[in-house]
Amino acid sequence: MKLLGISAHYHDSAAALVIDGMPVCAVQEERLSRRKNDAAFPLLAIDWCLNRAGLEPDDLDAVVFYERPMLKFDRILTCALRAFPHSWRTFPEAMKSSLGDKVWVRGTISSYLGLPARKILFTRHHQSHAAAAFLTAPTDRAAILTTDGVGEWATLTVGHGVRSTNGRTAITLLREVRFPHSLGMLYSAFTAYLGFAINEDEYKVMGLAGYGRPTMVDKVRRLIRQTEDGAFALDLDYFEFHSTARRSYSSRFIDLFGPPRHPYEPIDLASADGERFANCAASVQRVLEDTLVTMARSLHAETGLSDVCLGGGVALNGVANARILTESGFTRVFVPPAPGDAGCALGAALYADRIHFGNPDRDVPDHPFWGPAADGVELARLASEDGKPVEQCEDDDSLIAQTADDLAAGRVVGWMDGALELGPRALGHRSILASAATTEMRDRLNRDIKFRDEFRPLAPVVPIEAADRYFELPAGGARLARFMSGVFQVRREWRAALGAITHVDGTTRLQALDREMAPRLYALLQAYGRRTGIPVLLNTSFNLSGEPIVNRAVEGYSTFLRCGIDVLVAGRTRVMKKGAVSVSPE
Ligand SMILES: [Fe+2]
């Protein structure tokens with residue numbers, strides 16, 4: 001059975017192909033269109049998936065869209081009517097920004113792919129999140145907690161799942177919190193208030209939180225209260241996201257927290273305002289964590305299960321995930337590499353396969369590499385046409401030895417290896433790698449390479465066997481660190497030696513790398529460890545600020561030319577900038 005999953009029209013569109021119960025490929029539209037967070041109907045991603053598998057649209061048994069457009073329409077209409085007459089001016093705008101072309105999705109899919117309407121299926125938004133989290137995790141039975149801004153109506157669901165090779169797979173979502181009560185929207189309101197972009201910069205709030213103290217928790221708690229059923233409700237007087245697309249927080253919010261930050265105003269942490277913003281970030285972060293831990297703890301008590309799968313964009317919050325692991329009672333916490341809406345393309349296709357069609361369960365490969373491959377031959381051609389020094393290595397060993405020499409000599413490496421990651425994180429196939437030793441390297445990366453705010457932490461990658469030596473991983477922490485889904489403490493004695501990746505509060509969002517997942521990067525870490533004594537590298541996504549992660553060799557090469565990366569690697573091809581050519585091995 002051949003199923004195409006699609007997510008689109010909100011942010012970060014994607015397509016994914018599942019054949020005979022197994023994912024075959026998946027890619028975000030932004031990686032192909034080169035428009036960051038591209039929300040358009042993912043024509044390029046669909047084309048690539050079909051070509052990759054050698055399929056025509058007619059060969060598909062079904063196309064599965066990741067949410068139900070009419071339910072979303074129902075929510076937007078209901079909210080606009082509730083807010084009437086206040087909303088009459090903004091209603092068309094809200095319709096456009098929140099709904100876009102969604103209502104006509106069936107027609108769009110049908111006309112583009114030439115498929116009959118009966119072959120087009122819809123899952124619910126949070127069913128897609130739940131499926132993306134549970135059906136890709138190595139567990140047969142788990143509790144499920146999905147949290148995001150909003151889908152159709154749901155903003156958070158709790159439930160459980162059972163996978164069985166001889167019986168039916170089931171995902172049961174027991175309860176939901178409904179819009180406008182939303183943890184994602186709460187966090188996004190603060191994201192906007194702090195001068196960052198909603199649905200994109202939430203992780204900057206988490207980074208900024210590390211610089212602050214949660215001095216305003218009581219104030220944030222005025223915005224969100226716990227309800228009798230153990231869920232939560234927002235005090236809507238402080239928000240406007242439910243009645244207008246223009247602003248997410250109200251003037252009462254400003255009365256409580258003070259004037260918002262202008263997006264173009266730099267954050268000076270030494271100033272009173274800078275401190276206030278950092279404390280604000282720390283406070284909303286703390287309340288988010290507390291709320292999630294409370295809900296996870298009661299889900300653990302209710303289900304009695306030892307595993308939990310987290311889905312939805314809020315599952316990108318690594319600090320909250322780590323607290324769920326240590327405080328909720330679950331012994332294993334699984335977060336997929338793409339818990340946000342892009343991952344819903346894969347989730348929707350898997351949901352249809354296992355639940356709608358009732359096909360037998362299959363173990364899904366436990367990695368994020370479902371996209372197009374980077375081609376070393378293409379890189380060699382581009383660079384030689386451009387007159388750059390190109391080196392073709394005879395085998396992986398020599399490529400790894402030379403690249404480890406570069407890294408040990410303080411050079412910054414653009415690393416492209418095989419298939420592109422699905423999801424927002426570079427997990428070893430499209431990474432910028434560098435020494436993790438000094439704060440100077442962190443500043444260099446932020447200033448000359450990523451062109452971004454300095455307070456944002458950079459992350460390390462370490463072989464899984466060595467992770468414990470450098471980082472304080474609780475039981476189950478290494479699993480959470482597989483896809484960089486948890487934030488943990490750098491061991492005190494290693495903080496000075498790992499200055500580039502240790503955040504101001506002593507934490508880091510590490511990737512604990514399993515050899516099988518990315519063997520070449522694993523070998524590189526070991527080779528680097530032999531040279532420097534510490535097998536830990538700084539690993540940040542291969543893109544410049546405001547651009548999607550690079551996909552093909554040509555995008556890697558273009559990025560290499562436009563920033564301070566010294567060496568670019570794809571396949572067995574190495575390209576160096578002048579001045580970075582002669583490397584003296586130690
Ligand atoms: Fe979502």
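Reply: First, a working definition: a donor here is an N, O or S atom within 2.8 Å of the metal, and water is not among the atoms, so sites may look incomplete. Keep in mind that this is a predicted model.

On that basis, the iron ion has these protein donors: His125 and His129, each through NE2, plus Asp148 and Asp341 through OD, at 2.1 to 2.2 Å. Along the chain they follow the spacing H-x3-H-x18-D-x192-D. His129 sits in helix α6 (residues 125-134), while Asp341 is in the loop between β12 (332-334) and α13 (343-356), so this pair ties together parts that are 212 residues apart in sequence. Both His129 and Asp341 are buried.

As for geometry, the arrangement comes out as irregular because the angles subtended by the four donor atoms run from 88 to 175°.

Now for the surroundings. There's an open sheet of five strands, ordered β8-β7-β6-β11-β12, with mixed pairing. β8 (170-178) and β12 are its edge strands, each pairing on one side only. Ignoring direction, neighbouring strands are turned by 20° against each other on average. Inside the sheet, β6 (residues 141-147) and β11 (residues 307-311) run parallel and are joined by four bridges; Thr146, for instance, has Gly311 in β11 as its bridge partner.

Helix α6 packs on this sheet, where it touches β6, β7 (154-162), β8 and β11. The direction of α6 makes about 135° with that of β6.

Notes. Residues numbered from 1 in each chain as written. Predicted model: local features only at pLDDT ≥ 70, side-chain atom pairs only at ≥ 80, totals over all residues. Heavy atoms only, no water. Donors = N, O, S within 2.8 Å, 3.2 Å for Na, K, Ca; no water. Tetrahedral: all angles 85-135°; square planar, octahedral: opposite > 155°, others 65-115°. Helix = DSSP H or I, 4+ residues; strand = E, 2+ residues; numbered from the N terminus. Buried < 20%, exposed > 50% of the residue type's maximum accessible area, 1.4 Å probe, protein only. Pairing = 2+ DSSP bridges. Axes fitted to C-alpha atoms, helices over the stretch in contact; angles between N-to-C directions. Contact = heavy atoms within 4.5 Å.
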